[in-house]
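Subject: Structure handover

Hello,

I am passing on the structure we spoke about, with notes on what turned up in it. Please read the notes with the model open beside them.

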Amino acid sequence: MSSSVSLSTTSTRWDARLWGVLLTVSIVIGLDALDVSMVGVALPAIQADLGLSTNALQWVVSGYVLGYGGLLLLGGRTADLLGRRRVFLVAVAVFALASLLGGLVDDGALLIASRFIKGLAAAFTAPAALSIITTTFQEGPARNKAISIFAVFGASGYSAGLVFSGLLTEVGWRWTFLLPAPIALVALVAAWKLIPSYRAEEGRGYDFPGAVTGAAGSLLLVFGVVEAPEVGWAAPRTLITFAVALALLVTFVVIEKRSRHPLLRLGILRSGPLARANLGGALFFGAYIGFQFVVMLYLQRVLGWSALQTALGFLPAALIVAFGSPRIEPLIDRVGTPRTIFAGVVAHVIGYALFLRIDEHSGYAGSVLPSMILLGIGFTLAFSSLNIQATAGISDDEQGLAGGLLNTSLQVGGAIGLAVVTAVLTANGGREASPAALLTGLTPALSVVTGIAVLGLLVAISGLAARKRPAEEPVVEDDLLALAD
């Protein structure tokens, strides 16, 4: 593989070109994250304006998750094989056009279609962006610093999306769709000028059967997860969807074992740090998305807050992430990713547990703010560390694959976490109109969120234990990866 312009560096002192590359891809990953959460507060206004049913309204959110979570693995490998710059540029352009379309349509079906297209585009931009960073900045302090800055945009995007959504919904819900379009266009121009060209190895084959079965299986899996709370987990349609998804994914694994040029080299999964980053990331993000959903219901329907007040309620967490993430790299270098991930997950577990105290008369400062502060601290500590751990020790030609795996885990984990929390909420009367009935459903839902976070804590503890074992040294894992080829 080669680049027309070499930007690779080990130094943490960078010139304007390096900063430009880093900030460009970071802005795009921030837009991806922003779009996941920004539509949430605007949903009631969208429903009233377009006359959507509750099920159709759900798909305004789920359509994005379906495209994003279902195609991330394909997006990551495509970036490795076809060129990170090329894939990044095309996907950002599609993202900008879909944003514009979503803000202009007057039909619910077209709005959902635009959300799916945006999710699909994000599935290609996210792993391409991460792999551009990990192949530009060599492993060690330089890469850790770059990923920490990259992660601040991603982590802040989820929290900032809620704040922007509240502000923009006061003007008009369409602005929550239109805002990303000009930002994406500016990033597209910057990427065209700054990111070096990339050419895949000559003679490298493409695993089309693997791409088809893997993408179809992933899409059906995410589709089943987001549909299950509405139609029922034991409904025939849900069971058939999961059965077909499982069959496709098993077929995908068989194809990958036999393919000369696999879409997913299965040996990469033997990396202990990568496996823990993916499993831990899925649980970490699944708990957070479920908690975010619960908090929005509580603030708006139990305490009677407006959309803008609800958005501002998340502001402390966003500010902590924005301030802390660029400064976390020295701590990661000093203590390692297992310890910072563990500390971040502990902060989230405590934050979720504290929220179990809520009632109909809880005040923000005493009941909500402590959890928001802990969420901000937890995201600052864990999010950058998960990205660093998932790509450490992975060869340059598989950085897109590693990034795609991590982002797939985050999105699928978020979809499953939200689906489980929604199911628990519904089963306990959480869809009733009265604040008291809703609060009755929120308590077990919060318990489930806390339980998911505790599972993530167990994964983090296993990382601490593995760090102390000599057999977990990187050189041994490199040998395992070599044997798996």
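A residue counts as buried when its relative accessible area is under 20%. Please keep in mind that this is a predicted model.

Ile 328 has a relative accessibility of 6% and therefore counts as buried. Its place is the loop that runs between helix 13 (315–324) and helix 14 (329–335). Leaving aside residues up to four places away in sequence, Ile 328 touches Ser 148, Thr 380, Leu 381 and Ser 384. Ile 149 is 179 residues from Ile 328 along the chain, yet 9.0 Å separates their C-alpha atoms.

For the chain as a whole, the secondary structure amounts to 19 helices and two strands. Of the 485 residues, 58% are buried. Taking contacts between residues at least 6 apart in sequence, 84% link residues that are at least 24 apart.

Two helix pairs are described below.

Helix 13 and helix 16
The axes of helix 13 and helix 16 (residues 364–391) come within 8 Å, with a crossing angle of roughly 25°. Angles under 35 degrees count as roughly parallel, so helix 13 and helix 16 are roughly parallel to each other. Their crossing is right-handed. From helix 13, the contact takes in Pro 316, Ala 317, Ile 320, Val 321 and Gly 324; helix 16 contributes residues including Tyr 364, Leu 369, Phe 379 and Thr 380. By class, the residues of this contact are 10 nonpolar, three polar and no charged. Thr 380 is also one of the residues that Ile 328 touches.

Helix 1 and helix 5
Helix 1 (residues 16–38) and helix 5 (residues 108–136) have axes that come within 9 Å and cross at roughly 150°. Angles over 145 degrees count as roughly antiparallel, so that is how helix 1 and helix 5 lie to each other. Helix 1 passes helix 5 in a left-handed crossing. On the helix 1 side the meeting residues include Leu 18, Val 25, Asp 32 and Asp 35, and on the helix 5 side they include Arg 115, Lys 118, Ala 126 and Thr 136. The contact of helix 1 with helix 5 has 11 nonpolar, two polar and four charged residues.

Thr 136, in helix 5, has a relative accessibility of 7% and so counts as buried. Its side chain reaches the backbone oxygen of Ile 132 at 2.5 Å.

Regards

Conventions:
Residues are numbered from 1 along each chain as its sequence is written. This is a predicted model: local features need pLDDT of at least 70, side-chain atom pairs count only at pLDDT 80 or more; totals for chains, interfaces and linings use all residues. Side-chain values use heavy atoms; hydrogens and water are left out. Axes are lines fitted to C-alpha atoms, for helices over the stretch in contact, and angles run from 0 to 180 degrees between N-to-C directions. Helices (H or I, at least four residues) and strands (E, at least two) are DSSP runs, numbered from the N terminus. Angles under 35 degrees count as roughly parallel, over 145 as roughly antiparallel, 65 to 115 as roughly perpendicular and the rest as oblique. A crossing is left-handed if the near helix is turned anticlockwise from the far one by less than a right angle, and right-handed if clockwise. Contact means heavy atoms within 4.5 Å. Ala, Val, Leu, Ile, Met, Phe, Trp, Tyr, Cys and Pro count as nonpolar, Asp, Glu, Lys and Arg as charged, and the others, Gly among them, as polar. Buried means under 20% relative accessible area, exposed over 50%, partly exposed in between (1.4 Å probe, protein chains only). A polar contact is a pair of N or O atoms within 3.5 Å; within protein, one must be able to donate a hydrogen and the other to accept it, and residues adjacent in sequence count only if both atoms are side-chain atoms.
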